Amino acid sequence: MFTPHRKTPAIAVVLGCALLAAPVTAHATAPTAHAAESPTAASAVVAAAVGLDDPAKKELAMKIVSSAENSSLDWKAQYKYIEDIDDGRGYTAGIIGFCSGTGDMLDLVDYYTEIKPGNVLAKYLPALREVDGTDSHQGLDPNFTKDWAKAAQDSAFRKAQDHERDRVYFNPAVKQGKADGLDVLGQFIYYDAIVMHGDGTDSTSFRNTRKRALSKAKPPSQGGDQTAYLNAFLDARVWAMKQEEAHSDTSRVDTAQRVFLRKGNLNLDTPLDWKVYGDSFHIG
């Protein structure tokens, strides 16, 4: 899972509307009399269907997370990233902060080897199994970081990172967000939380952060107010972040996600302006 790898607060820490076109065309080719009289109704239905998994919104999500994790909107430059940030999770690497000590790096390299046997990282699988759950580099040093950067030049490895990001983090977050009746911003808030904290059984995990929020407010799927629920979730998220020194700077919530929420930007529409760790970002 993601762990901060940018700077300490000094805490060291981490598209167009393609999907709209098809529904709009569908409405245009088979209009009803009611639709012809109320063109905005069809637009409202289409807009409501857009989620964080829309390519445009997903690209925004990748950029916003990268602003916190890498002080950059260029998330695609992070495929090659790897270092030990001394957080007890071993090496942190790639676009989602896969960690040698938390199992997701092992899963990634295992999947990469399934789709491309004999790759440059395949020889590290035994070592990754041994160090899982620890911060050890045993069997990885001295060449693992160099080989990771070499693998990042391979399109198959980049696709493998995308696959595991989606399977473990992005898709579950979006699915739960939609089930809770949340719009794009809420789905993003879920995604950022699961990326940082994972979805395990510990008290700071995504599922337990959500449970803490549910004890304070109801999501739209249960008849609650979306803004009130998201504020409750972010309160729970801030508590979770403060349980670990490496995550204790909460500006990715305070001066980013809450900024969007206060503006009522539940669809995460551009332009977007926010700050993380004092750095300002803009997407027009």
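**Entry: a charge over a ring**

I began with Lys58. Its charged end sits over the ring of Phe170, 4.7 Å from the ring centre. I note here that the model is predicted.

**Entry: ring pairs**

Next I looked up the aromatic pairs. I count ring centres within 6.5 Å as a pair. By that rule I get 12 aromatic pairs.

I picked out Tyr124 and Phe144. Their rings are 4.9 Å apart, centre to centre. The planes stand at 75 degrees, and I log the pair as edge-to-face because that is over 60.

Where do Tyr124 and Phe144 lie in the chain? I find Tyr124 in the loop between α5 (104-115) and α6 (125-131). Phe144 belongs to helix α7, residues 144-151. They are 20 residues apart, so I note a link between distant parts of the chain.

Is Tyr124 buried or exposed? I read 6% relative accessibility for Tyr124, so it counts as buried. Phe144 has 0% and is buried too.

**Entry: a second pair**

I then turned to Tyr190 and Phe233. This pair is tilted, with 45 degrees between the planes. The centres are 5.0 Å apart.

I placed Tyr190 in helix α9 (residues 184-197) and Phe233 in helix α11 (residues 226-241). The two are 43 residues apart, and the pair links distant parts of the chain.

I checked burial again. Tyr190 counts as buried because its relative accessibility is 0%. Phe233 is also at 0%, so I log it as buried.

**Entry: a cluster**

Last, I traced a cluster joined by ring pairs. Which residues does it hold? I list Tyr91, Tyr112, Tyr124, Phe144, Trp148 and Phe157.

Key: Residues numbered from 1 in each chain as written. Predicted model: local features only at pLDDT ≥ 70, side-chain atom pairs only at ≥ 80, totals over all residues. Heavy atoms only, no water. Phe/Tyr/Trp six-rings, centres within 6.5 Å; stacked < 30°, edge-to-face > 60°. Helix = DSSP H or I, 4+ residues; strand = E, 2+ residues; numbered from the N terminus. Buried < 20%, exposed > 50% of the residue type's maximum accessible area, 1.4 Å probe, protein only. Lys NZ or Arg CZ within 6 Å of the ring centre and 35° of its normal.
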